[in-house]
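User: I would like to go through the aromatic rings of a protein with you. Could you show me the structure to begin with?

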Amino acid sequence: MPIRRFGGHRSLVSNSQPAKLSYGYTKMNISRGGYRVFSANSTTACTELAKKITERLGVELGKSVVYQESNGETRVNVKESVRGQDIFIIQTIPRDVNTAIMELLVMAYALKTSCAKNIIGVIPYFPYSKQCKMRKRGSIVCKLLASMLAKAGLTHIITMDLHQKEIQGFFTFPVDNLRASPFLIQYIQEEIPDYRNAIIVAKSPSAAKRAQSYAERLRLGLAVMHGEANHSESDMADGRQSPPLSRTTTGHTGLELPSPRHVPFPGIELPIMMAKEKPPITVVGDVGGRIAIIIDDIIDDVEDFVAAAEILKERGAYKIYIMATHGLLSADGPRLIEESAIDEVVVTNTVPHEVQKLQCPKIKTVDVSMILAEAIRRIHNGESMAYLFRNIAVDD
């Protein structure tokens, strides 16, 4: 019987029977484990996106119960086996943000203790994303939330249009930051008549890069608004004048000695810091006789958008659209939009806003469940995600 060598190992093989590698043969017969899709929301309105995603995937929504007990505690019961499977938790963020976060954490930990293979959070709108920088004596809450999700058992996150792309660095596991711009651009091309006569508007210089990406792909002009009536979050004090330079006292008129921390080192004179003064709102670019399309990632408090629309109307724009990925529309936002010069507000369904749409017919919704479902399919099958980011600019 001849001796054949496979990778340096000797084996006896009969002439009448072809050789088979045991390890290669076993690998071909191993099938990838299954996957389940769960919703961690306890409210019915927040499960609509999860149902659309599972319909596109052709699977059923996982069986689980999420509810709040009478004392306010969150309880999660998973009603089926998840051992050795890829689990995707779809969590849309309603008005009660903190409850939604707790539901996600408790469900992730329940799946971790049930021996799930991988736990992937599908969080279209990532909460606390605006608190990603140090303000005054506050904290970077977004980093705290990232640590909590990792501790609860999540191994991957799928999200959409993070407020700052650098947030991905807060996580110790992979983050896929999908983009809604292809869907919003398609809406502009198909639903806005005479969009070739439009101009893309950045509400502030910080939004100019995102707006420029839209303008270049639509082959349209770009205008930038500068100046604000109120101070933006970027101008808030960051605590560098701590402790305060002056101290007010009540009920004591005696002489006070200055604190040693307030007395500069002898011989050192620090330069005087000039205070920033923002000019009135101005528009850099010609919007006269054009359709103005304001681009942003989040529309929450709408006062700034309403003020921007009034300025654009004064400058000659005859129609004003607002395009944003996440339509939080907090407080009395729908009423202000309805009474403003804004003609239409277009947002995606990353955040449930059906109640706001009933209050304001100007609010339109673009469905992004297709790209979220495709991301789930590709991650489970181990396929590349590059296809979902084709033609996406770095600044988008």
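This is a predicted model: local features need pLDDT of at least 70, side-chain atom pairs count only at pLDDT 80 or more; totals for chains, interfaces and linings use all residues.

User: How many aromatic pairs does the structure hold?

Analyst: The structure holds three aromatic pairs. One of them joins Y35 and F88, an edge-to-face pair with 6.0 Å centre to centre and 90° between the planes.

User: Where in the chain do Y35 and F88 lie?

Analyst: Y35 belongs to strand 3 (residues 35-39), while F88 belongs to strand 6 (residues 86-90). The two are 53 residues apart, and the pair thus links distant parts of the chain.

User: Is Y35 buried or exposed?

Analyst: Y35 is buried, because its relative accessible area of 18% falls under the cut-off of 20%. F88 also counts as buried, with a relative accessibility of 0%.

User: What kind of pair do F171 and F173 form?

Analyst: F171 and F173 form a tilted pair: the centres are 5.4 Å apart and the angle between the planes is 55°. Both of these residues are buried.

User: Which residues do ring pairs link into a cluster?

Analyst: The cluster consists of F126, F171 and F173, linked by ring pairs.

User: Changing topic, which residue lies over the face of F305?

Analyst: That residue is K203, at 5.0 Å from the ring centre of F305.

User: And what lies over the face of Y214?

Analyst: R217 lies over the face of Y214, and the distance from the ring centre is 5.8 Å.

Terms used. Residues are numbered from 1 along each chain as its sequence is written. Side-chain values use heavy atoms; hydrogens and water are left out. Rings of Phe, Tyr and Trp (its six-membered ring) pair if their centres lie within 6.5 Å; planes under 30 degrees apart count as stacked, over 60 as edge-to-face and the rest as tilted. Helices (H or I, at least four residues) and strands (E, at least two) are DSSP runs, numbered from the N terminus. Buried means under 20% relative accessible area, exposed over 50%, partly exposed in between (1.4 Å probe, protein chains only). A charge sits over a ring if NZ of Lys or CZ of Arg is within 6 Å of the ring centre and within 35 degrees of the ring normal.
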